[in-house]
Structures are given as C-alpha cells and as structure tokens.
Amino acid sequence: MDQILLDYLPIAVLIGIGIFFAVLLPSLSVSLGPKPPKDRNLAPYESGMVAIGEAQRRLPVKFYRIAVLFILFDVDIILLVPWAVAFRKLGVYGLVAMLIFMVMFILGDAWVWKKGVLEWE
Amino acid sequence: MEFVTPTINILIVLPVLLVAGGGALLMLLELFMAEERVKQWAPTLAIIVLALAFLQTIGLWGQTHTTFTPEGSSPMVILDNFATFLNVIFLLTGFFTVLISVNYLPRVGLNRSEYYMLMLFSLSGMMLMGMANDLILVFLALEVLSIPLYILAGLSRPRPESEESAMKYFFLGAFSSAIFVFGIALTYGATGSTALPAVLAGVSNGGALALAGVAMMLVGFGFKVAAAPFHMWTPDVYEGAPTVVTAFMSVGAKVGGFAAMLRVFVSAFGSLGQTWVPAVAVIAAITLIIGNVVAIVQPNIKRMLAYSSIAHAGYILMAVAASVNSPDGVSAALFYMFAYLFTNLGAFAIAIAAERKLGEGVMLDDYKGLAKRSPLLALAMAYFMLSLTGIPPTGGFSGKFFVFRATLEAGLVWLAVVGVITSVVSGYYYLRVVYLMYMYDGEGELHTKPALLTAVALTVLATLVLGLLPGAWYEITKQAALQGLQVLAGG
C-alpha cells in the first residue's frame with residue numbers, strides 16, 4: 001500500500017463512519033418508530049394548519065440580492081485581512097494587486113448600486 | 001520567509017485583459033451614460049475590443065512566453081502557439097456572436113445592456129482556459145467562463161423556458177465544477193503540486209489517488225463539453241436560452257472545455273495515457289451514438305443542433321483519445337474545432353434569421369419553403385448542413401478526415417468505425433433540413449440585416465476555404481499542437 005494512500009486512511013474511515021450513521025439512524029427510526037396513520041400525517045402541517053397555495057410560489061427576490069451582495073463583501077474581507085497582516089512583506093506588489101482587485105470590486109458595487117439593487121421598496 | 005515578487009509580463013495576457021477590460025468598460029459606461037446610449041454603442045465597442053485583442057493575438061503567433069511565475073515554481077500562464085490558436089478561435093466566436101446579436105436582441109425585446117458585458121467576461125475566461133499552466137488557473141478560468149453563461153442562459157427572463165435553462169445549467173455546472181475541483185484536490189494529493197509540469201513529473205507515481213483525480217477531472221470536462229453520459233443538460237439549456245446565447249455557448253464553452261482538456265490530459269496526464277485513453281474512447285463512442293441517434297427525432301432546430309453539438313463533441317473526443325498515440329491527434333482536434341466554429345455559428349445565424357419572435361419559428365417545419373423565400377440563405381443553410389454532416393468540399397469534411405486519420409493512426413480502429421457509421425446517421429437529420437427547405441412550401445418572414453448577412457457570408461467563405469484548402473490550415477494547427485506539448489514537457 002502506498003504511504004500516500006495510507007495518509008488518507010483517516011478520511012476514508014471518517015467517510016465510512018458518516019455513511020454508517022447516515023444509514024443506521026434513519027433505518028432505526030423506520031424500524032423502531034411508530035407507524036404513522038394515513039392521511040393526516042401526509043398533510044403539509046401536522047399541527048392542523050391548512051396549507052394555502054402551491055409550493056412553487058413567487059418569492060420576493062430582494063432578500064436574495066442582499067444575500068448575494070453580503071457574500072461578495074464577505075469574500076472581499078477574507079482577501080483583505082490576510083493582505084493587511086502581510087502588508088509589509090508584500091510591499092508595493094501587494095498594494096498594486098489589491099488596488100486592482102478593489103477597483104474591480106468597487107466598479108461592480110457601483111454598477112449594482114446604479115442598477116437599483118440596494119433599493120428596498 | 002521573504003516574499004519575492006513573481007515575474008509578470010503584461011503583454012502576454014494583454015488580449016485577455018483587453019477583452020475583460022472591455023466588459024468592465026461597458027459597466028463603467030453604464031454608470032455615467034444613459035442606458036439607451038450604452039445599448040447603442042455596446043456592440044461597436046465589443047467589436048473594437050475584440051479586434052484589438054485579435055491583432056495583439058496574431059502578433060504573438062509563433063512566440064512562446066510564460067508569465068506569472070512565482071519564485072521557485074512553474075509559471076501560471078503560458079502562451080504558446082496552442083494558446084494563440086485557441087485565442088483566435090475564441091475571438092472569432094465573439095466576433096460572429098456580436099454580428100448575429102446586433103439586430104436579434106432588439107427584435108425579440110432582449111436588448112439588455114449586460115449582454116455584451118457578460119459575453120466579453122465569458123470570453124476572457126475561455127481565453128485563459130487555453131493559457132492556463134496550473135490546475136488552479138484552469139479552475140478559475142472555468143468559472144470565469146461559466147458564471148456569465150449561467151446568467152446569459154436566463155437572459156430572456158421571465159420566460160419560463162429561459163429560467164429553466166439558466167437554473168439547469170447553473171446547478172449542473174456547479175455540480176460539475178465541484179467534481180472537477182475534487183479531481184484537482186486528489187491530483188494535488190497524489191503529485192504534491194497543481195502546476196502542470198510538476199503534475200506531469202509526479203502523476204505516474206501517484207497510484208490510485210492520481211487515477212481518481214484524472215477520472216474526476218474527466219467528468220468535469222465531460223460536463224463542460226457536453227459529452228455523454230454528462231450531456232443531459234444540453235438540449236434543455238440550448239432550447240431555453242436565447243438563440244444567440246445558444247450559438248455562443250455551443251462553440252465557446254465547448255472549445256473552452258477542450259482547450260483545457262487537451263492541455264491537461266494530453267500533456268500533464270500524458271504518461272497515464274494507457275489508462276485514460278480507453279475511457280475517453282468509450283465516452284467518445286457513447287457521445288457519438290447518443291448525439292447522432294437522438295438528434296433524429298428532434299422537431300426543434302435548437303434541440304437538433306444541441307444534439308448535433310453533443311455529437312461533434314464526440315468527434316473532438318475521438319481526436320483527444322488519439323492524441324496520445326498519434327502525433328496528429330491534437331492538431332486534428334484543433335482543426336476540427338476551427339471548422340466547427342464557422343459551420344455551427346453559420347447554421348445558428350440562419351436559425352436566428354428564421355426565428356420570428358422569441359421561441360417562435362424554431363421548429364423544423366418552419367424551414368419549409370425557405371428556398372423559395374430566400375434562395376441564398378437556403379443555399380447557405382444547405383451548405384452548413386453538408387459541412388456538419390461531413391460532405392466535401394466543406395470544412396466539416398476536412399475536420400472529420402483529419403480526426404478519423406488520427407484515430408486510425410492511434411490504432412483505435414473500432415472508434416473510427418463508430419465515427420464513420422454515426423456520420424452516416426447524422427446525414428439523415430442534417431439533410432432533412434435541406435429537404436424541408438427545398439421540397440415544401442411554407443410561410444414566414446426572414447430577418448436579414450447587413451450584420452447577420454455579413455456573418456453568414458464570412459462563415460460560408462471560411463467553411464469553403466477550409467474545405468478546399470485544408471492543407472495550409474492543417475499545417476498551422478500542426479504548429480500550434482506541437483509547440484503546446486513540447487514546452488510543457490520541457491518546462
């Protein structure tokens with residue numbers, strides 16, 4: 001057996017354990033749990049609330065847009081923080097590289113702003 | 001540890017920067033100009049940017065450069081004839097796409113200003129695919145190529161077909177990217193590097209881990225180039241996306257996938273050839289059979305061309321499978337893609353001329369009587385159909401000839417037989433379009449504007465030249481192919 005493959009053995013064990021439990025627990029709950037009576041349990045809300053409308057209804061997209069913007073800023077921060085830590089070592093090269101990145105990023109932000117994504121109503 | 005600035009030669013990546021910068025410039029213009037004016041100028045600007053990048057690319061022909069070299073490692077970007085040739089293909093794809101989009105988009109009410117911007121961004125990703133010398137950069141380029149295409153596929157929202165197309169493309173693309181990246185991770189685990197020369201050096205000692213990495217990257221590329229059994233998304237995505245986007249991605253995304261696939265598989269994984277060649281050959285055979293046979297029953301021209309593009313991916317895969325054991329494999333693949341670019345974009349140009357409204361006039365029955373309505377366009381369409389079938393004197397014939405020859409040279413006789421038989425099958429659905437155009441009467445107007453006619457004329461001309469004088473062009477692809485592999489093996 002290759003040494004390199006042995007190094008990955010813990011991962012394989014972890015995957016094995018993951019699969020084992022993923023199969024074990026649902027099968028335990030199926031075999032040991034009480035069998036459901038019919039119709040009422042199949043309703044969307046077992047509490048008795050009446051379901052209204054269909055599952056595929058239109059959602060307000062503005063939450064999604066804000067979430068996407070949040071991810072962009074998040075990634076931005078992830079890149080900015082290590083750069084700030086290593087600022088002196090990276091020197092002018094790092095500064096220029098980060099400036100190019102920030103210009104592109106801000107351009108994208110400005111475009112998004114102009115397109116009215118940030119307007120809530 | 002001291003940080004050493006990597007060597008950077010901006011001139012090498014200037015074509016990519018020009019194309020991506022053109023997209024950024026369009027974004028900038030939108031901030032300061034009225035939207036109507038931006039829409040008016042966007043196609044012109046895109047053409048100018050593509051022309052500048054084209055001139056720069058042509059100027060780099062015959063040269064070999066590397067750039068973005070980190071200290072003590074191999075360069076991230078390599079520009080050799082292989083990359084230059086592919087960049088020419090991508091820039092021409094962009095050029096023809098602009099020509100066929102100029103009048104189509106306003107006509108069907110899709111004149112959104114982000115169209116050209118996203119197209120340019122996607123093009124810059126495609127160009128990087130051929131230039132990447134590091135698996136990380138391959139992945140980055142793949143994402144830059146794909147993400148704008150996901151949005152473009154949904155350009156005609158809120159049309160349900162278009163949204164379905166974007167959604168399917170996005171989900172399957174994301175899955176395939178994940179598999180691809182897993183393959184990169186396994187390869188890194190096996191070889192200790194993501195740089196292609198180091199992968200080449202270490203992959204034959206990588207054992208099962210390296211093989212798993214190769215297999216997963218094969219799946220990732222298979223999705224991108226729409227090879228069976230990873231082709232399921234293609235017909236739905238091609239049908240739902242606006243026709244100009246379909247044209248763009250049927251050529252651009254496919255050639256982009258093959259660009260990186262050739263570089264990674266033939267050179268970096270070349271020493272594992274005996275293992276992956278049978279797999280690629282079987283995938284090629286399945287792709288050929290599925291693409292060509294299922295295309296027969298398609299009533300919609302876009303779906304038909306989608307299955308046809310699957311089939312053509314199969315022919316290019318034949319050349320990929322041949323490229324380990326035959327010196328002609330890579331050049332045959334390059335030539336095939338070059339011919340496919342003109343033929344397929346030309347066929348799509350006519351499909352766009354015949355599309356009455358968004359999603360109307362795209363059935364095969366709508367082509368009835370096209371010969372009476374517009375004899376010249378019908379003639380051009382017939383010519384493209386002959387080229388796609390592979391009947392001389394067309395570029396498609398020359399491409400198939402070189403691919404089959406390379407396959408035979410590599411000793412894959414059974415694969416060549418499958419290729420020839422499926423080519424005969426493909427004649428049925430391609431020639432049916434010709435039959436419908438000439439043997440029936442039909443109604444319907446054609447939208448022919450100068451830009452679109454220019455695109456049709458140029459693609460007909462290029463297909464004819466590639467059909468009549470394939471030798472000179474094949475020499476060029478041969479130079480492109482050889483250099484690409486030599487540099488990597490030496491570096």
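In this predicted model, helix 2 of chain A is hardly covered, for among its 24 residues the count of buried residues is 0.

Chain A contains 5 helices and 0 strands, and its elements, read from the N terminus, follow the order α-α-α-α-α. As for overall dimensions, the C-alpha trace of chain A spans about 70 × 60 × 20 Å along its principal axes. The radius of gyration of chain A is 26 Å, whereas a compact globule of 121 residues would have a value near 14 Å.

Chain A also touches chain B, in a contact to which chain B contributes 11 residues and chain A likewise contributes 11 residues. On the side of chain B that touches chain A, the elements giving two or more residues are helix 1 (10-32) and helix 9 (207-225) of chain B. Of the elements on this side, helix 1 of chain B gives the most, with 5 residues. When the residues on the side of chain B that touches chain A are sorted by class, 8 are nonpolar, 2 are polar and 1 is charged.

Notes. Residues numbered from 1 in each chain as written. Chains lettered and ligands numbered in written order. Predicted model: local features only at pLDDT ≥ 70, side-chain atom pairs only at ≥ 80, totals over all residues. Buried ≥ 20, exposed ≤ 12 C-beta atoms within 10 Å, placed from the backbone. Helix = DSSP H or I, 4+ residues; strand = E, 2+ residues; numbered from the N terminus. Contact = placed C-beta atoms within 7 Å. Nonpolar A, V, L, I, M, F, W, Y, C, P; charged D, E, K, R; others polar. Rg over C-alpha atoms; globule rule 2.2 N^0.38 Å.
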